Amino acid sequence: MPFFFMKYLLRVTLLCLFIFILMNACKPSSPKADLLIQNANIYTVSESQPKAEAVAIIGDTIAFVGSNQEAAAWADDHTQLLDLQGKTMTPGWIEGHAHFMGIGENKMNLDLLQVRSYEEMVRQVAEAVRKMKPGEWIVGRGWHQDKWDSLPDPMVKGFPTHQGLSAVAPQNPVYLSHASGHAALANAKAMEMAGIRNISPEAPAPASVEGGEIVKDPLGNPTGIFNENAMALIRSHIPEQSDERNEQVAQLAMQECLENGITSLHDAGESEDIIALYKKLAANGQLKTRLYVMLSSQDTSLLESYFNNGPEIGLHHHFLTIRSIKLYADGALGSRGAWLLNEYADMPGEYGDETTPVERIFEVTLKALQSGLQVCTHAIGDRANREVLDQYEKAFQQVPDRAENTRFRIEHAQHLSAQDIPRFAQLGVIPAMQAIHMSSDRPWAIDRLGQARIEEGAYVWRKLLDSGAIVVNGTDAPVEPINPIASFYASVTRKTLQGTPEGGYEASQKMTREEALRSYTLFPAFSAFEEEIKGTIAPGKLADFTVFSQDLMQVPEAQLLNTRVDLTIVGGKIVYERKP
Ligand SMILES: [Zn+2]
(Lines give C-alpha, C1' and ligand atoms only; values in the text may rest on other atoms or scores of the structure.)
Protein backbone atom coordinates (compact mmCIF):
# COMPACT_ATOMS: atom_id res chain seq x y z
CA MET A 1 0.00 0.00 0.00
CA PRO A 2 1.43 3.42 -0.91
CA PHE A 3 2.79 5.51 1.91
CA PHE A 4 0.67 8.59 1.28
CA PHE A 5 -2.42 6.43 1.33
CA MET A 6 -1.36 4.70 4.56
CA LYS A 7 -1.17 8.09 6.21
CA TYR A 8 -4.80 8.79 5.38
CA LEU A 9 -5.91 5.37 6.45
CA LEU A 10 -4.25 5.99 9.79
CA ARG A 11 -5.98 9.33 10.13
CA VAL A 12 -9.35 7.77 9.34
CA THR A 13 -8.76 4.95 11.81
CA LEU A 14 -7.89 7.43 14.55
CA LEU A 15 -10.94 9.52 13.75
CA CYS A 16 -13.21 6.46 13.88
CA LEU A 17 -11.64 5.38 17.15
CA PHE A 18 -12.25 8.82 18.58
CA ILE A 19 -15.90 8.76 17.52
CA PHE A 20 -16.24 5.25 18.92
CA ILE A 21 -14.81 6.29 22.30
CA LEU A 22 -17.03 9.34 22.29
CA MET A 23 -20.11 7.22 21.62
CA ASN A 24 -19.26 4.75 24.36
CA ALA A 25 -18.59 7.56 26.76
CA CYS A 26 -22.12 8.75 26.16
CA LYS A 27 -23.67 5.52 27.47
CA PRO A 28 -25.92 4.64 29.26
CA SER A 29 -27.99 7.54 27.95
CA SER A 30 -26.73 6.40 24.53
CA PRO A 31 -28.92 7.24 21.56
CA LYS A 32 -30.82 4.44 19.85
CA ALA A 33 -30.60 3.49 16.21
CA ASP A 34 -33.07 4.75 13.62
CA LEU A 35 -32.20 1.77 11.45
CA LEU A 36 -30.65 -1.53 12.51
CA ILE A 37 -29.36 -3.85 9.80
CA GLN A 38 -28.95 -7.42 11.05
CA ASN A 39 -28.00 -10.90 9.82
CA ALA A 40 -25.88 -9.57 7.00
CA ASN A 41 -22.69 -10.92 5.49
CA ILE A 42 -20.83 -7.63 5.67
CA TYR A 43 -17.54 -6.81 4.00
CA THR A 44 -16.61 -3.51 5.62
CA VAL A 45 -13.42 -2.78 3.57
CA SER A 46 -12.03 -1.58 6.90
CA GLU A 47 -8.74 -3.23 7.85
CA SER A 48 -9.39 -3.05 11.58
CA GLN A 49 -12.71 -4.94 11.34
CA PRO A 50 -13.06 -6.56 7.90
CA LYS A 51 -16.24 -8.59 8.57
CA ALA A 52 -19.41 -7.85 10.53
CA GLU A 53 -23.06 -8.97 10.88
CA ALA A 54 -24.87 -5.82 11.91
CA VAL A 55 -24.84 -2.04 11.55
CA ALA A 56 -26.69 0.54 13.64
CA ILE A 57 -27.52 3.83 11.97
CA ILE A 58 -28.55 7.14 13.50
CA GLY A 59 -29.80 9.70 11.02
CA ASP A 60 -27.60 9.38 7.94
CA THR A 61 -24.55 8.14 9.84
CA ILE A 62 -23.20 4.78 10.98
CA ALA A 63 -23.17 4.56 14.79
CA PHE A 64 -22.08 0.96 15.35
CA VAL A 65 -20.64 -1.97 13.38
CA GLY A 66 -20.32 -5.46 14.87
CA SER A 67 -22.14 -8.68 15.76
CA ASN A 68 -25.91 -9.22 15.84
CA GLN A 69 -25.74 -9.66 19.59
CA GLU A 70 -23.91 -6.41 20.32
CA ALA A 71 -26.07 -4.51 17.84
CA ALA A 72 -29.28 -5.54 19.61
CA ALA A 73 -28.52 -3.04 22.39
CA TRP A 74 -28.94 -0.22 19.86
CA ALA A 75 -32.60 -0.95 19.17
CA ASP A 76 -35.69 0.43 20.89
CA ASP A 77 -39.34 0.70 19.78
CA HIS A 78 -38.70 3.43 17.27
CA THR A 79 -35.86 1.51 15.52
CA GLN A 80 -36.57 0.19 12.04
CA LEU A 81 -35.21 -3.38 11.76
CA LEU A 82 -33.84 -4.70 8.50
CA ASP A 83 -33.07 -8.43 8.49
CA LEU A 84 -30.87 -9.20 5.48
CA GLN A 85 -31.14 -12.99 5.95
CA GLY A 86 -27.48 -13.59 5.23
CA LYS A 87 -27.24 -11.41 2.15
CA THR A 88 -23.94 -9.72 1.31
CA MET A 89 -23.53 -6.03 2.11
CA THR A 90 -20.61 -3.72 1.29
CA PRO A 91 -20.00 0.01 1.53
CA GLY A 92 -22.07 1.84 -1.09
CA TRP A 93 -20.44 1.46 -4.48
CA ILE A 94 -18.92 4.58 -5.99
CA GLU A 95 -18.87 4.94 -9.76
CA GLY A 96 -15.47 6.57 -10.31
CA HIS A 97 -16.05 8.03 -13.77
CA ALA A 98 -19.34 8.43 -15.58
CA HIS A 99 -21.46 11.07 -17.27
CA PHE A 100 -24.56 11.47 -15.13
CA MET A 101 -26.66 13.45 -17.62
CA GLY A 102 -25.43 11.19 -20.42
CA ILE A 103 -26.85 8.21 -18.53
CA GLY A 104 -30.26 9.89 -18.41
CA GLU A 105 -30.00 11.12 -22.02
CA ASN A 106 -29.35 7.57 -23.10
CA LYS A 107 -32.68 6.62 -21.60
CA MET A 108 -34.39 9.44 -23.53
CA ASN A 109 -32.62 8.94 -26.87
CA LEU A 110 -31.98 6.04 -29.20
CA ASP A 111 -29.75 3.58 -27.39
CA LEU A 112 -27.51 2.04 -30.02
CA LEU A 113 -25.18 0.12 -27.68
CA GLN A 114 -26.64 -3.26 -28.62
CA VAL A 115 -26.92 -2.61 -32.36
CA ARG A 116 -25.22 -5.35 -34.40
CA SER A 117 -25.16 -3.81 -37.90
CA TYR A 118 -25.52 -0.59 -39.87
CA GLU A 119 -28.83 -1.85 -41.26
CA GLU A 120 -30.19 -2.37 -37.76
CA MET A 121 -29.18 1.18 -36.81
CA VAL A 122 -30.95 2.53 -39.93
CA ARG A 123 -34.08 0.53 -39.01
CA GLN A 124 -34.12 2.09 -35.51
CA VAL A 125 -33.85 5.57 -37.01
CA ALA A 126 -36.63 4.78 -39.53
CA GLU A 127 -38.85 3.74 -36.61
CA ALA A 128 -38.06 6.99 -34.74
CA VAL A 129 -38.94 9.01 -37.85
CA ARG A 130 -42.47 7.58 -37.77
CA LYS A 131 -43.03 8.98 -34.25
CA MET A 132 -41.69 12.46 -35.05
CA LYS A 133 -42.66 15.56 -36.93
CA PRO A 134 -40.57 16.72 -39.89
CA GLY A 135 -37.65 18.86 -38.74
CA GLU A 136 -37.39 17.28 -35.27
CA TRP A 137 -33.97 15.98 -34.30
CA ILE A 138 -33.31 12.28 -33.87
CA VAL A 139 -30.42 11.85 -31.46
CA GLY A 140 -28.81 8.55 -30.57
CA ARG A 141 -25.70 7.19 -29.01
CA GLY A 142 -23.62 4.07 -28.54
CA TRP A 143 -23.01 2.51 -31.97
CA HIS A 144 -19.62 0.95 -32.61
CA GLN A 145 -18.69 -0.53 -35.99
CA ASP A 146 -16.22 -2.95 -34.38
CA LYS A 147 -19.13 -4.55 -32.50
CA TRP A 148 -21.13 -5.14 -35.68
CA ASP A 149 -21.46 -8.62 -37.18
CA SER A 150 -20.99 -7.24 -40.70
CA LEU A 151 -19.84 -3.92 -42.18
CA PRO A 152 -21.80 -1.89 -44.73
CA ASP A 153 -20.52 -0.82 -48.11
CA PRO A 154 -19.07 1.76 -48.43
CA MET A 155 -16.85 2.35 -45.41
CA VAL A 156 -14.59 5.41 -45.44
CA LYS A 157 -11.60 5.63 -43.09
CA GLY A 158 -13.00 2.69 -41.14
CA PHE A 159 -16.41 4.33 -40.57
CA PRO A 160 -19.86 3.97 -42.19
CA THR A 161 -21.40 6.80 -44.19
CA HIS A 162 -24.63 8.80 -43.99
CA GLN A 163 -26.51 7.55 -47.10
CA GLY A 164 -28.65 4.88 -45.40
CA LEU A 165 -29.71 7.32 -42.65
CA SER A 166 -30.37 10.10 -45.15
CA ALA A 167 -32.64 7.81 -47.18
CA VAL A 168 -34.91 6.90 -44.22
CA ALA A 169 -34.88 10.37 -42.63
CA PRO A 170 -34.99 12.93 -45.45
CA GLN A 171 -36.91 15.50 -43.36
CA ASN A 172 -35.40 14.84 -39.92
CA PRO A 173 -31.88 15.77 -38.91
CA VAL A 174 -30.12 12.74 -37.37
CA TYR A 175 -27.08 12.81 -35.07
CA LEU A 176 -25.75 9.49 -33.76
CA SER A 177 -22.77 9.57 -31.40
CA HIS A 178 -20.20 6.81 -31.49
CA ALA A 179 -19.90 4.67 -28.34
CA SER A 180 -16.55 6.33 -27.64
CA GLY A 181 -18.19 9.76 -27.57
CA HIS A 182 -15.36 10.97 -29.83
CA ALA A 183 -17.10 10.72 -33.21
CA ALA A 184 -20.62 11.06 -34.58
CA LEU A 185 -22.55 10.20 -37.72
CA ALA A 186 -24.91 12.86 -39.12
CA ASN A 187 -27.36 12.51 -42.02
CA ALA A 188 -27.74 14.84 -44.99
CA LYS A 189 -30.52 16.90 -43.36
CA ALA A 190 -28.37 17.56 -40.28
CA MET A 191 -25.40 18.52 -42.43
CA GLU A 192 -27.61 20.80 -44.54
CA MET A 193 -28.79 22.59 -41.37
CA ALA A 194 -25.15 23.02 -40.36
CA GLY A 195 -24.25 24.41 -43.80
CA ILE A 196 -22.05 21.46 -44.72
CA ARG A 197 -22.74 20.35 -48.29
CA ASN A 198 -21.31 18.22 -51.03
CA ILE A 199 -18.69 20.11 -53.00
CA SER A 200 -19.85 21.91 -56.13
CA PRO A 201 -18.72 24.98 -58.04
CA GLU A 202 -20.81 27.10 -55.62
CA ALA A 203 -19.84 25.23 -52.47
CA PRO A 204 -16.15 24.57 -51.97
CA ALA A 205 -14.96 21.66 -49.81
CA PRO A 206 -15.91 22.18 -46.16
CA ALA A 207 -13.25 23.89 -44.12
CA SER A 208 -11.04 21.86 -41.82
CA VAL A 209 -11.49 22.02 -38.05
CA GLU A 210 -8.64 22.29 -35.57
CA GLY A 211 -8.46 19.25 -33.29
CA GLY A 212 -11.08 17.41 -35.32
CA GLU A 213 -11.98 16.07 -38.73
CA ILE A 214 -14.86 16.21 -41.19
CA VAL A 215 -14.34 12.84 -42.85
CA LYS A 216 -14.62 13.05 -46.66
CA ASP A 217 -14.90 10.47 -49.41
CA PRO A 218 -12.38 10.25 -52.27
CA LEU A 219 -14.37 12.91 -54.18
CA GLY A 220 -14.12 15.31 -51.24
CA ASN A 221 -17.76 15.04 -50.13
CA PRO A 222 -18.50 14.75 -46.40
CA THR A 223 -19.37 11.16 -45.41
CA GLY A 224 -21.40 12.21 -42.35
CA ILE A 225 -18.65 11.29 -39.86
CA PHE A 226 -17.43 14.10 -37.61
CA ASN A 227 -14.50 13.46 -35.29
CA GLU A 228 -13.57 15.22 -32.03
CA ASN A 229 -13.89 19.02 -32.28
CA ALA A 230 -15.68 18.76 -35.64
CA MET A 231 -18.68 17.18 -33.86
CA ALA A 232 -19.66 20.62 -32.55
CA LEU A 233 -20.41 21.76 -36.14
CA ILE A 234 -23.52 19.56 -36.06
CA ARG A 235 -24.20 19.34 -32.34
CA SER A 236 -24.46 23.11 -31.97
CA HIS A 237 -27.61 22.99 -34.14
CA ILE A 238 -29.47 20.60 -31.84
CA PRO A 239 -31.96 22.77 -29.90
CA GLU A 240 -30.97 23.68 -26.36
CA GLN A 241 -32.34 21.45 -23.65
CA SER A 242 -35.02 22.97 -21.46
CA ASP A 243 -34.72 22.96 -17.65
CA GLU A 244 -37.76 20.76 -17.42
CA ARG A 245 -36.30 18.17 -19.76
CA ASN A 246 -32.94 18.26 -17.95
CA GLU A 247 -34.67 17.52 -14.68
CA GLN A 248 -36.35 14.52 -16.27
CA VAL A 249 -32.96 13.37 -17.59
CA ALA A 250 -31.40 13.68 -14.11
CA GLN A 251 -34.23 11.66 -12.56
CA LEU A 252 -33.72 8.87 -15.10
CA ALA A 253 -29.97 8.87 -14.41
CA MET A 254 -30.56 8.69 -10.66
CA GLN A 255 -32.89 5.73 -11.03
CA GLU A 256 -30.32 3.93 -13.18
CA CYS A 257 -27.61 4.51 -10.55
CA LEU A 258 -29.70 3.28 -7.64
CA GLU A 259 -30.86 0.16 -9.50
CA ASN A 260 -27.19 -0.65 -9.98
CA GLY A 261 -26.18 -0.10 -6.36
CA ILE A 262 -24.34 3.15 -7.10
CA THR A 263 -24.61 5.44 -4.06
CA SER A 264 -22.08 8.03 -5.28
CA LEU A 265 -20.96 8.99 -8.75
CA HIS A 266 -18.01 11.00 -10.05
CA ASP A 267 -19.48 13.04 -12.87
CA ALA A 268 -16.80 13.58 -15.50
CA GLY A 269 -17.44 17.11 -16.74
CA GLU A 270 -20.62 19.17 -16.52
CA SER A 271 -21.60 22.69 -17.58
CA GLU A 272 -22.82 25.63 -15.54
CA ASP A 273 -26.52 24.95 -16.29
CA ILE A 274 -26.30 21.36 -15.16
CA ILE A 275 -24.45 22.29 -11.98
CA ALA A 276 -27.23 24.79 -11.24
CA LEU A 277 -29.76 22.00 -11.73
CA TYR A 278 -27.83 19.71 -9.35
CA LYS A 279 -27.78 22.45 -6.72
CA LYS A 280 -31.52 22.88 -7.03
CA LEU A 281 -32.18 19.14 -6.77
CA ALA A 282 -29.81 18.78 -3.80
CA ALA A 283 -31.35 21.74 -1.97
CA ASN A 284 -34.82 20.21 -2.40
CA GLY A 285 -33.64 16.83 -1.13
CA GLN A 286 -34.33 15.34 -4.56
CA LEU A 287 -30.80 14.09 -5.21
CA LYS A 288 -30.68 10.43 -4.15
CA THR A 289 -27.22 9.55 -5.50
CA ARG A 290 -24.33 11.62 -4.20
CA LEU A 291 -22.51 13.52 -6.93
CA TYR A 292 -18.86 14.51 -7.11
CA VAL A 293 -18.76 16.87 -10.04
CA MET A 294 -15.91 17.79 -12.36
CA LEU A 295 -16.26 21.14 -14.13
CA SER A 296 -16.23 21.01 -17.90
CA SER A 297 -13.05 22.78 -18.99
CA GLN A 298 -14.71 23.83 -22.26
CA ASP A 299 -16.64 26.37 -20.19
CA THR A 300 -13.89 28.91 -19.45
CA SER A 301 -16.11 31.35 -17.56
CA LEU A 302 -17.25 28.51 -15.29
CA LEU A 303 -13.62 27.64 -14.55
CA GLU A 304 -12.78 31.27 -13.84
CA SER A 305 -15.58 31.55 -11.32
CA TYR A 306 -14.33 28.46 -9.44
CA PHE A 307 -10.71 29.67 -9.67
CA ASN A 308 -11.89 32.84 -7.94
CA ASN A 309 -14.23 31.30 -5.38
CA GLY A 310 -12.72 27.87 -4.74
CA PRO A 311 -14.43 24.50 -4.44
CA GLU A 312 -17.88 23.74 -2.98
CA ILE A 313 -17.62 20.73 -0.70
CA GLY A 314 -20.26 18.55 0.95
CA LEU A 315 -23.31 20.64 0.04
CA HIS A 316 -26.72 19.51 1.36
CA HIS A 317 -25.60 16.66 3.64
CA HIS A 318 -22.80 15.57 1.32
CA PHE A 319 -25.03 15.05 -1.70
CA LEU A 320 -23.10 17.45 -3.90
CA THR A 321 -19.43 18.39 -4.13
CA ILE A 322 -17.82 20.47 -6.86
CA ARG A 323 -14.07 20.56 -6.49
CA SER A 324 -12.44 19.29 -9.67
CA ILE A 325 -11.85 20.12 -13.32
CA LYS A 326 -12.12 17.79 -16.29
CA LEU A 327 -9.59 18.24 -19.10
CA TYR A 328 -9.13 16.23 -22.30
CA ALA A 329 -5.61 15.42 -23.50
CA ASP A 330 -6.62 13.14 -26.39
CA GLY A 331 -9.42 11.14 -28.02
CA ALA A 332 -10.30 7.44 -27.95
CA LEU A 333 -8.50 4.35 -29.17
CA GLY A 334 -11.40 3.03 -31.29
CA SER A 335 -11.52 6.14 -33.50
CA ARG A 336 -7.68 6.34 -33.47
CA GLY A 337 -7.90 9.60 -31.55
CA ALA A 338 -5.77 8.30 -28.64
CA TRP A 339 -2.45 10.15 -28.78
CA LEU A 340 0.42 7.67 -29.12
CA LEU A 341 4.21 7.89 -28.87
CA ASN A 342 4.53 5.55 -31.85
CA GLU A 343 2.23 5.16 -34.84
CA TYR A 344 -0.89 3.02 -34.84
CA ALA A 345 -0.17 -0.62 -35.69
CA ASP A 346 -3.10 -0.63 -38.10
CA MET A 347 -2.59 2.83 -39.63
CA PRO A 348 0.99 3.79 -40.37
CA GLY A 349 1.73 7.50 -40.00
CA GLU A 350 -1.24 8.04 -37.60
CA TYR A 351 -0.43 9.07 -34.02
CA GLY A 352 -3.86 10.27 -32.83
CA ASP A 353 -4.91 13.73 -31.62
CA GLU A 354 -3.78 16.21 -29.01
CA THR A 355 -7.24 17.56 -28.21
CA THR A 356 -6.13 20.27 -25.75
CA PRO A 357 -2.75 21.98 -26.18
CA VAL A 358 -0.45 20.85 -23.35
CA GLU A 359 0.22 24.52 -22.54
CA ARG A 360 -3.48 24.87 -21.72
CA ILE A 361 -3.35 21.77 -19.51
CA PHE A 362 -0.43 23.30 -17.64
CA GLU A 363 -2.16 26.66 -17.27
CA VAL A 364 -5.36 25.10 -15.88
CA THR A 365 -3.36 22.77 -13.61
CA LEU A 366 -1.42 25.66 -12.12
CA LYS A 367 -4.53 27.74 -11.47
CA ALA A 368 -6.27 24.71 -9.97
CA LEU A 369 -3.38 24.13 -7.58
CA GLN A 370 -3.51 27.75 -6.52
CA SER A 371 -7.26 27.70 -5.93
CA GLY A 372 -7.61 24.32 -4.19
CA LEU A 373 -9.22 22.47 -7.07
CA GLN A 374 -8.40 18.98 -8.27
CA VAL A 375 -7.53 18.24 -11.90
CA CYS A 376 -8.81 15.14 -13.71
CA THR A 377 -7.49 14.79 -17.25
CA HIS A 378 -8.73 12.33 -19.84
CA ALA A 379 -5.72 10.53 -21.34
CA ILE A 380 -5.91 7.27 -23.28
CA GLY A 381 -2.73 6.94 -25.38
CA ASP A 382 0.81 6.62 -23.95
CA ARG A 383 1.81 10.01 -25.37
CA ALA A 384 -1.19 11.75 -23.81
CA ASN A 385 -0.53 10.10 -20.43
CA ARG A 386 3.13 11.13 -20.49
CA GLU A 387 2.30 14.72 -21.43
CA VAL A 388 -0.25 15.00 -18.62
CA LEU A 389 2.14 13.55 -16.04
CA ASP A 390 4.77 16.02 -17.30
CA GLN A 391 2.42 18.99 -16.96
CA TYR A 392 1.27 17.94 -13.48
CA GLU A 393 4.89 17.49 -12.40
CA LYS A 394 5.90 20.86 -13.80
CA ALA A 395 3.04 22.56 -11.95
CA PHE A 396 3.90 20.76 -8.68
CA GLN A 397 7.47 22.03 -9.01
CA GLN A 398 6.28 25.56 -9.59
CA VAL A 399 4.16 25.69 -6.40
CA PRO A 400 5.83 23.12 -4.12
CA ASP A 401 3.86 24.23 -1.04
CA ARG A 402 0.65 23.19 -2.84
CA ALA A 403 2.03 19.98 -4.33
CA GLU A 404 1.29 17.71 -1.36
CA ASN A 405 -1.90 15.68 -1.34
CA THR A 406 -3.21 17.02 -4.65
CA ARG A 407 -4.77 13.68 -5.65
CA PHE A 408 -4.76 14.81 -9.27
CA ARG A 409 -6.15 12.14 -11.53
CA ILE A 410 -5.74 10.78 -15.01
CA GLU A 411 -9.05 9.52 -16.36
CA HIS A 412 -8.76 6.17 -18.19
CA ALA A 413 -4.92 5.88 -18.16
CA GLN A 414 -5.58 3.15 -20.67
CA HIS A 415 -2.27 2.79 -22.43
CA LEU A 416 1.02 3.64 -20.73
CA SER A 417 4.66 3.54 -21.63
CA ALA A 418 6.53 1.27 -19.17
CA GLN A 419 8.66 4.16 -17.94
CA ASP A 420 5.58 6.20 -16.99
CA ILE A 421 3.86 3.50 -14.91
CA PRO A 422 5.80 4.21 -11.65
CA ARG A 423 5.31 7.96 -12.05
CA PHE A 424 1.67 7.73 -10.91
CA ALA A 425 2.61 6.60 -7.40
CA GLN A 426 5.68 8.87 -7.32
CA LEU A 427 3.62 11.96 -8.10
CA GLY A 428 0.55 10.84 -6.12
CA VAL A 429 -1.48 10.84 -9.35
CA ILE A 430 -4.50 8.54 -9.34
CA PRO A 431 -5.41 6.51 -12.43
CA ALA A 432 -9.23 6.33 -12.76
CA MET A 433 -9.60 3.26 -14.99
CA GLN A 434 -12.69 1.45 -16.22
CA ALA A 435 -12.06 -2.27 -16.17
CA ILE A 436 -15.08 -2.92 -18.39
CA HIS A 437 -13.30 -1.04 -21.22
CA MET A 438 -10.65 -3.76 -21.23
CA SER A 439 -13.35 -6.39 -21.44
CA SER A 440 -15.13 -4.69 -24.36
CA ASP A 441 -12.16 -3.23 -26.23
CA ARG A 442 -9.25 -5.61 -25.74
CA PRO A 443 -10.40 -7.92 -28.59
CA TRP A 444 -9.80 -5.13 -31.14
CA ALA A 445 -7.37 -2.89 -29.20
CA ILE A 446 -4.62 -5.31 -30.16
CA ASP A 447 -5.10 -4.26 -33.82
CA ARG A 448 -4.47 -0.63 -32.90
CA LEU A 449 -1.49 -1.22 -30.61
CA GLY A 450 0.01 -4.64 -31.43
CA GLN A 451 1.05 -7.35 -28.97
CA ALA A 452 4.17 -5.67 -27.51
CA ARG A 453 2.45 -2.41 -26.53
CA ILE A 454 -0.60 -4.26 -25.18
CA GLU A 455 1.61 -6.27 -22.83
CA GLU A 456 3.78 -3.32 -21.90
CA GLY A 457 1.09 -0.94 -20.81
CA ALA A 458 -2.53 -1.44 -21.90
CA TYR A 459 -5.09 -1.69 -19.07
CA VAL A 460 -2.27 -2.59 -16.65
CA TRP A 461 -4.03 -2.09 -13.33
CA ARG A 462 -1.89 -4.77 -11.63
CA LYS A 463 1.35 -2.99 -12.58
CA LEU A 464 -0.09 0.30 -11.29
CA LEU A 465 -1.27 -1.22 -8.00
CA ASP A 466 2.10 -2.95 -7.54
CA SER A 467 3.89 0.35 -8.11
CA GLY A 468 1.91 1.82 -5.20
CA ALA A 469 -0.81 3.67 -7.10
CA ILE A 470 -4.48 3.67 -6.15
CA VAL A 471 -6.75 2.47 -8.94
CA VAL A 472 -10.27 3.88 -9.18
CA ASN A 473 -12.81 1.76 -11.08
CA GLY A 474 -15.94 2.62 -13.04
CA THR A 475 -17.73 2.27 -16.35
CA ASP A 476 -17.63 5.65 -18.13
CA ALA A 477 -21.42 5.23 -18.49
CA PRO A 478 -23.12 5.77 -20.89
CA VAL A 479 -20.10 4.61 -22.91
CA GLU A 480 -20.71 1.28 -21.15
CA PRO A 481 -23.75 0.33 -19.08
CA ILE A 482 -23.29 1.49 -15.47
CA ASN A 483 -23.57 -2.08 -14.09
CA PRO A 484 -20.63 -2.29 -11.66
CA ILE A 485 -20.75 -6.09 -11.49
CA ALA A 486 -19.58 -6.26 -15.10
CA SER A 487 -16.60 -4.02 -14.33
CA PHE A 488 -15.87 -5.97 -11.13
CA TYR A 489 -15.91 -9.19 -13.18
CA ALA A 490 -13.59 -7.65 -15.81
CA SER A 491 -11.22 -6.49 -13.05
CA VAL A 492 -10.75 -9.95 -11.57
CA THR A 493 -11.04 -12.14 -14.69
CA ARG A 494 -9.70 -9.96 -17.54
CA LYS A 495 -12.30 -11.65 -19.74
CA THR A 496 -15.01 -10.40 -22.08
CA LEU A 497 -18.55 -10.66 -20.73
CA GLN A 498 -18.88 -13.80 -22.87
CA GLY A 499 -16.20 -15.35 -20.65
CA THR A 500 -13.42 -15.38 -23.24
CA PRO A 501 -10.55 -16.04 -23.51
CA GLU A 502 -9.88 -18.94 -21.18
CA GLY A 503 -7.72 -17.58 -18.33
CA GLY A 504 -8.27 -13.95 -19.38
CA TYR A 505 -6.27 -11.38 -21.36
CA GLU A 506 -2.81 -10.63 -19.87
CA ALA A 507 -3.79 -12.68 -16.84
CA SER A 508 -0.93 -11.36 -14.71
CA GLN A 509 -2.81 -8.03 -14.59
CA LYS A 510 -5.89 -9.33 -12.71
CA MET A 511 -6.99 -7.64 -9.49
CA THR A 512 -7.90 -9.74 -6.48
CA ARG A 513 -11.56 -9.47 -5.44
CA GLU A 514 -10.50 -7.47 -2.37
CA GLU A 515 -8.69 -4.98 -4.60
CA ALA A 516 -11.62 -4.80 -7.00
CA LEU A 517 -13.96 -4.08 -4.07
CA ARG A 518 -11.62 -1.31 -2.87
CA SER A 519 -11.48 0.10 -6.43
CA TYR A 520 -15.27 0.62 -6.18
CA THR A 521 -15.41 1.87 -2.58
CA LEU A 522 -12.44 3.17 -0.60
CA PHE A 523 -10.24 4.13 -3.54
CA PRO A 524 -12.81 6.31 -5.32
CA ALA A 525 -13.70 7.83 -1.93
CA PHE A 526 -10.02 8.69 -1.47
CA SER A 527 -9.77 10.06 -5.02
CA ALA A 528 -12.55 12.52 -4.08
CA PHE A 529 -11.04 13.45 -0.67
CA GLU A 530 -13.98 11.64 0.95
CA GLU A 531 -12.34 8.68 2.74
CA GLU A 532 -13.36 10.14 6.10
CA ILE A 533 -17.06 9.88 5.25
CA LYS A 534 -17.26 7.13 2.61
CA GLY A 535 -15.57 4.00 1.31
CA THR A 536 -15.71 1.70 4.35
CA ILE A 537 -18.36 0.66 6.86
CA ALA A 538 -17.22 2.23 10.12
CA PRO A 539 -18.75 4.37 12.86
CA GLY A 540 -18.91 8.03 11.89
CA LYS A 541 -19.20 7.41 8.16
CA LEU A 542 -22.24 8.00 5.98
CA ALA A 543 -24.70 5.09 5.99
CA ASP A 544 -24.41 4.25 2.28
CA PHE A 545 -24.57 0.54 1.47
CA THR A 546 -25.04 -1.84 -1.42
CA VAL A 547 -26.69 -5.22 -0.79
CA PHE A 548 -26.12 -8.07 -3.25
CA SER A 549 -28.09 -11.23 -4.04
CA GLN A 550 -25.04 -13.43 -3.50
CA ASP A 551 -21.55 -13.30 -2.01
CA LEU A 552 -19.57 -11.72 -4.82
CA MET A 553 -16.35 -12.16 -2.83
CA GLN A 554 -16.79 -15.96 -2.73
CA VAL A 555 -18.96 -17.31 -5.56
CA PRO A 556 -17.17 -19.16 -8.36
CA GLU A 557 -15.96 -16.90 -11.12
CA ALA A 558 -18.45 -18.29 -13.64
CA GLN A 559 -21.34 -17.18 -11.39
CA LEU A 560 -20.11 -13.66 -10.69
CA LEU A 561 -22.09 -12.04 -13.48
CA ASN A 562 -25.34 -13.44 -12.02
CA THR A 563 -24.93 -11.18 -8.98
CA ARG A 564 -27.86 -8.75 -8.61
CA VAL A 565 -28.20 -5.60 -6.56
CA ASP A 566 -31.02 -6.29 -4.09
CA LEU A 567 -30.96 -3.10 -2.03
CA THR A 568 -29.38 0.32 -2.24
CA ILE A 569 -29.19 2.41 0.92
CA VAL A 570 -28.10 6.06 0.89
CA GLY A 571 -27.82 8.10 4.06
CA GLY A 572 -29.61 5.38 6.06
CA LYS A 573 -32.61 5.31 3.69
CA ILE A 574 -33.57 2.44 1.40
CA VAL A 575 -33.68 4.13 -1.98
CA TYR A 576 -33.94 1.02 -4.14
CA GLU A 577 -35.27 -2.46 -3.54
CA ARG A 578 -35.28 -5.09 -6.28
CA LYS A 579 -38.67 -6.62 -7.00
CA PRO A 580 -38.58 -10.37 -6.40
ZN1 LIG B 1 -15.77 9.79 -19.76
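The questions and answers below go through a predicted model.

Trainee: What kind of model is this, and how are its residues numbered?
Mentor: This is a predicted model, in which local features need pLDDT of at least 70, side-chain atom pairs count only at pLDDT 80 or more, and totals for chains, interfaces and linings use all residues. Side-chain values use heavy atoms, with hydrogens and water left out, and residues are numbered from 1 along each chain as its sequence is written.

Trainee: Which residues are the protein donors of the zinc ion?
Mentor: Donors are N, O and S atoms within 2.8 Å of the metal (3.2 Å for Na, K and Ca); water is not among the atoms, so sites may look incomplete. Along the chain the donors follow the spacing H-x1-H-x376-D. At 2.1 to 2.2 Å from the zinc ion, they are His97 (NE2), His99 (NE2) and Asp476 (OD).

Trainee: How many residues apart in sequence are the parts that His99 and Asp476 tie together?
Mentor: Helices (H or I, at least four residues) and strands (E, at least two) are DSSP runs, numbered from the N terminus. His99 lies in the loop between strand E8 (93-98) and helix H3 (100-108). Asp476 lies in the loop between helix H16 (461-466) and helix H17 (484-493), so the pair ties together parts that are 377 residues apart in sequence.

Trainee: Is Asp476 buried or exposed?
Mentor: Buried means under 20% relative accessible area, exposed over 50%, and partly exposed in between (1.4 Å probe, protein chains only). His99 has 17% relative accessibility and counts as buried. With a relative accessible area of 7%, Asp476 is buried.

Trainee: How do H3 and H8 lie relative to each other?
Mentor: Axes are lines fitted to C-alpha atoms, for helices over the stretch in contact, and angles run from 0 to 180 degrees between N-to-C directions. The axes of H3 and H8 are 7 Å apart, at an angle of about 100 degrees. Angles under 35 degrees count as roughly parallel, over 145 as roughly antiparallel, 65 to 115 as roughly perpendicular and the rest as oblique. H3 and H8 are therefore roughly perpendicular.

Trainee: How many charged residues does the contact of H3 with H8 have?
Mentor: Contact means heavy atoms within 4.5 Å. Residues of H3 including Phe100, Glu105 and Lys107 meet residues of H8, among them Arg245, Val249 and Glu256. Ala, Val, Leu, Ile, Met, Phe, Trp, Tyr, Cys and Pro count as nonpolar, Asp, Glu, Lys and Arg as charged, and the others, Gly among them, as polar. The contact has 10 nonpolar and 3 polar residues, and the charged ones number 4.

Trainee: Which residue in E22 stands opposite Thr90?
Mentor: Two strands pair if DSSP finds at least two bridges between them. An open sheet of 6 strands has the order E3-E2-E7-E22-E23-E24, with mixed pairing. Strand E7 (residues 88-91) runs antiparallel to strand E22 (residues 545-548), and 4 bridges join them. Opposite Thr90 stands Thr546.
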